Amino acid sequence: MIEFRIDRRSGVATYQQIVNQARHALRLGLLRPGDRLPTAREVVEATAINPNTVLKAYRELERDGLVEARRGLGTFVSASLAGPDDGALRAELADWVARARVAGLDREHVEALVQARLDEVYRGDE
């Protein structure tokens with residue numbers, strides 16, 4: 001089951017952080033159709049946020065067709081965002097990130113490099 005992490009300093013709305021983390025987990029195959037999301041109460045206990053914030057995030061995911069609420073049972077994943085098998089690419093990326101760390105690059109530097117490259121490669125795709 002996914003555990004949501006809230007970064008209060010990020011500038012991103014709390015409900016959006018939950019939506020983004022759920023989408024990320026769906027893309028990586030960490031959440032699959034049939035998996036249950038934590039209840040609003042479980043998320044509130046773990047993160048100390050308002051239950052309505054969790055419900056707003058879950059409603060957005062439901063509107064997007066990614067989850068479905070089952071009365072009395074919880075909210076379940078109904079669709080996947082996982083793409084083709086990317087195991088080899090993940091391994092190469094893990095290797096590259098490890099080399100970047102050994103070379104002395106901090107997380108922010110690595111993120112900046114990756115973001116710049118993504119911007120170059122996917123320019124105009126949006």
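Modeller: A charge sits over a ring if NZ of Lys or CZ of Arg is within 6 Å of the ring centre and within 35 degrees of the ring normal. The charged end of Lys56 sits over the ring of Tyr15, at 4.1 Å from the ring centre. Note that this is a predicted model.

Biologist: What makes the placement of Arg70 at Phe76 count as a charge over a ring?

Modeller: The charged end of Arg70 is 4.2 Å from the centre of the Phe76 ring. The limit on distance is 6 Å, and Arg70 is listed as sitting over that ring.

Biologist: How much confidence does the predictor assign to the protein?

Modeller: The average pLDDT is 94, and 99% of the residues score at least 70.

Biologist: How many aromatic pairs does a search of the whole structure find?

Modeller: The search returns 1 aromatic pair. Phe4 and Tyr58 form this pair, with 6.5 Å centre to centre and 55° between the planes.

Biologist: Why is the pair of Phe4 and Tyr58 called tilted?

Modeller: Planes under 30 degrees apart count as stacked and those over 60 as edge-to-face, so what remains is tilted. The angle for Phe4 and Tyr58 is 55°, and the pair is classed as tilted.

Biologist: What makes this pair a tie between separate parts of the chain?

Modeller: Phe4 lies in the segment before helix 1 (14-27) and Tyr58 lies in helix 3 (residues 51-63), so the pair ties together parts that are 54 residues apart in sequence.

Biologist: How do you know whether Phe4 is buried or exposed?

Modeller: Buried means under 20% relative accessible area. Phe4 has 6%, so Phe4 is buried. Tyr58 also has a value of 6%, so Tyr58 is buried.

Biologist: Which residues touch the most other members of the largest nonpolar core?

Modeller: Ile18, Leu37, Tyr58 and Leu61 do, in a core of 21 residues. Helix 1, helix 2 (40-47) and helix 3 each supply at least two residues of this core. Helix 1 gives the most, with 5 residues. Setting aside residues up to four places away in sequence, Leu61 touches Val19, Ala22, Arg23, Leu37, Leu66 and Val67.

Biologist: How is Leu105 classed, and why?

Modeller: Leu105 has a relative accessible area of 26%, so Leu105 is partly exposed. Leu105 lies in the loop between helix 4 and helix 5 (107-121). Apart from neighbours within four places in sequence, Leu105 is in contact with Ala100, Val110 and Leu113.

Notes. Residues numbered from 1 in each chain as written. Predicted model: local features only at pLDDT ≥ 70, side-chain atom pairs only at ≥ 80, totals over all residues. Heavy atoms only, no water. Phe/Tyr/Trp six-rings, centres within 6.5 Å; stacked < 30°, edge-to-face > 60°. Helix = DSSP H or I, 4+ residues; strand = E, 2+ residues; numbered from the N terminus. Buried < 20%, exposed > 50% of the residue type's maximum accessible area, 1.4 Å probe, protein only. pLDDT = per-residue confidence, 0-100. Core = buried A, V, L, I, M, F, W, Y, C linked by side-chain atoms within 4.5 Å. Contact = heavy atoms within 4.5 Å.
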